[in-house]
Amino acid sequence: MSHDTMKDRIMVALDVNSQAEALAMRDTLADSVGWLKVGLRLFVAEGPSLISKLSKTHNIFLDLKFHDIPNTVAQAIESAGALGVQMVNVHAGGGKPMLEAASKVAKAFPNMKLIAVTVLTSDTMPKEQALQLALARAKLAKDAGLDGVVCSVHEAAHIKEVCGSDFITVTPGIRWGNQNTQDQQRIADPKTAVEHGSDYLVIGRPILQADSPKQAAEEAANMMSQAKI
Ligand code: C5P
C-alpha cells in the first residue's frame, strides 16, 4: 500500500508539556502524519483551546482513557464530542454498564470514533495473560457498541478474528531499529504492526525525540507501506 495511505494511519502522541511545544511539533510534522494524539499531560496543561488549534490541520485522538461511573463517563464523552475530535477513548476496565453508557452518547457524534483501552502496552503481565484479557475486553467493547480498541500489535490480529475486520485496532508500543523500548513492554515495528492488522499506529517518543521528527514519521510510513498484506 502507498506511503500516502500509510501516513494517514499514523497517530503521533503529542506527549509534550505546553501549547507552544505542541504547535511547533505540529508544524514540524506538517502533513507527514494524519493524526495527532492529545493525552493526559497536554490536555491537563492546555485544555480545549489547543484542540481547536490542532484540529485545523489534523485529525485528533483525545486519549484521556475515561474510567469512572457510567454517568460521569457519558458526560465526558459528550464534552469530547462537542470539541469535535475524531476519536476518544475509555478504559474497558470500567465494565459493561460504563461502556454502554459511553457508546449511547457517542452515537450522537457520528464523526467521532469511540474506542476502549484493553490492557496498557506498558503492563508487565505475561503476554498470554494480556492476550486473554485484551480479547475479553475487546469482546465486551464490541458488544457494547464501541468502534474499536487500543491494544498491542501482538493482540490485534486475534481481536480482528473475534470482533471482525471492521473493528478498529489502535496500537501503541511501536519501536524500530535499535530504539529504546522505555516503559513499553509489548512492542513491534511499523511493518509488523500493519501485517498484524493494526489500523492506526500510535507513535510517541520514536518521533518526538528523533533528530528529525518529520523524517522519523516518513520512515515509519515507508516501513508500513512495505507490509505484506
Ligand atoms: O512514546 P510512546 O511511543 O511509547 O507513546 C505511546 C503513547 O501511547 C503514549 O501517549 C501512551 O499514553 C499511549 N498509550 C499506550 N498504551 C496504551 C494506550 C495508550 O502507550 N494502551
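The crossing of helices H2 and H11 is right-handed. This description rests on a predicted model. Helix H2 covers residues 19–29, and helix H11 covers residues 213–225. The two helices pack at an angle of about 55°. Their axes lie 8 Å apart. H2 and H11 are therefore oblique to each other. On the H2 side, the contact involves Met25, Thr28 and Leu29. These residues meet Pro213, Lys214 and Ala217 of H11. By class, four residues in the contact of H2 with H11 are nonpolar, one is polar and one is charged.

Phi of Ala30 is near 45°. That value is positive, in a residue other than glycine. Ala30 has a relative accessibility of 31% and so counts as partly exposed. A positive phi of about 45° also occurs at Lys65, although Lys65 is not a glycine. Lys65 lies in a strand, E3, which spans residues 59–66. With a relative accessible area of 29%, Lys65 is partly exposed.

A further helix pair is formed by H5 (residues 70–83) and H6 (residues 96–106). H5 and H6 pack at an angle of about 30°, with their axes 8 Å apart. An angle under 35 degrees counts as roughly parallel. H5 and H6 are therefore roughly parallel to each other. The crossing of H5 past H6 is right-handed. H5 contributes Pro70, Val73, Ala74, Ile77 and Glu78 to the contact. H6 contributes Pro97, Met98, Ala101, Ala102, Val105 and Ala106. By class, the contact of H5 with H6 has 10 nonpolar residues and one charged residue, with no polar residues.

Val150 lies in strand E6, residues 148–150. At 10% relative accessibility, Val150 counts as buried. Its contacts, leaving aside neighbours within four places in sequence, include Phe61 and Asn89. Val150 is also in contact with Ile115, Ala116, Val117 and Thr118. Val170 and Pro172 complete the list of contacts of Val150.

The cysteines were examined for disulfides. A disulfide is a covalent bond between the sulfur atoms of two cysteines. The cut-off applied here is a sulfur pair within 2.5 Å. By this rule the count comes to zero disulfides. Cys151 is in no disulfide. The cysteine sulfur nearest to that of Cys151 belongs to Cys163, 9.7 Å away. Cys151 is buried, with a relative accessible area of 0%. Cys163 is likewise in no disulfide, and its nearest cysteine sulfur is that of Cys151. Cys163 has a relative accessibility of 7% and counts as buried.

Leu133 is found in helix H7, which runs over residues 127–143. Leu133 is partly exposed, with a relative accessible area of 29%. Not counting residues up to four places away in sequence, Leu133 touches Val119 and Met125. Val119 is 14 residues from Leu133 along the chain. The C-alpha atoms of Leu133 and Val119 are separated by 7.2 Å.

Gly177 lies in the loop between strand E7 (168–171) and helix H9 (190–195). Gly177 is exposed, and its relative accessible area is 78%. Asp189 is 12 residues away from Gly177 along the chain. The C-alpha atoms of Gly177 and Asp189 are separated by 8.1 Å.

Terms used. Residues numbered from 1 in each chain as written. Predicted model: local features only at pLDDT ≥ 70, side-chain atom pairs only at ≥ 80, totals over all residues. Heavy atoms only, no water. Axes fitted to C-alpha atoms, helices over the stretch in contact; angles between N-to-C directions. Helix = DSSP H or I, 4+ residues; strand = E, 2+ residues; numbered from the N terminus. Parallel < 35°, antiparallel > 145°, perpendicular 65-115°, else oblique. Left-handed = near helix turned anticlockwise from the far one by under 90°. Contact = heavy atoms within 4.5 Å. Nonpolar A, V, L, I, M, F, W, Y, C, P; charged D, E, K, R; others polar. Buried < 20%, exposed > 50% of the residue type's maximum accessible area, 1.4 Å probe, protein only.
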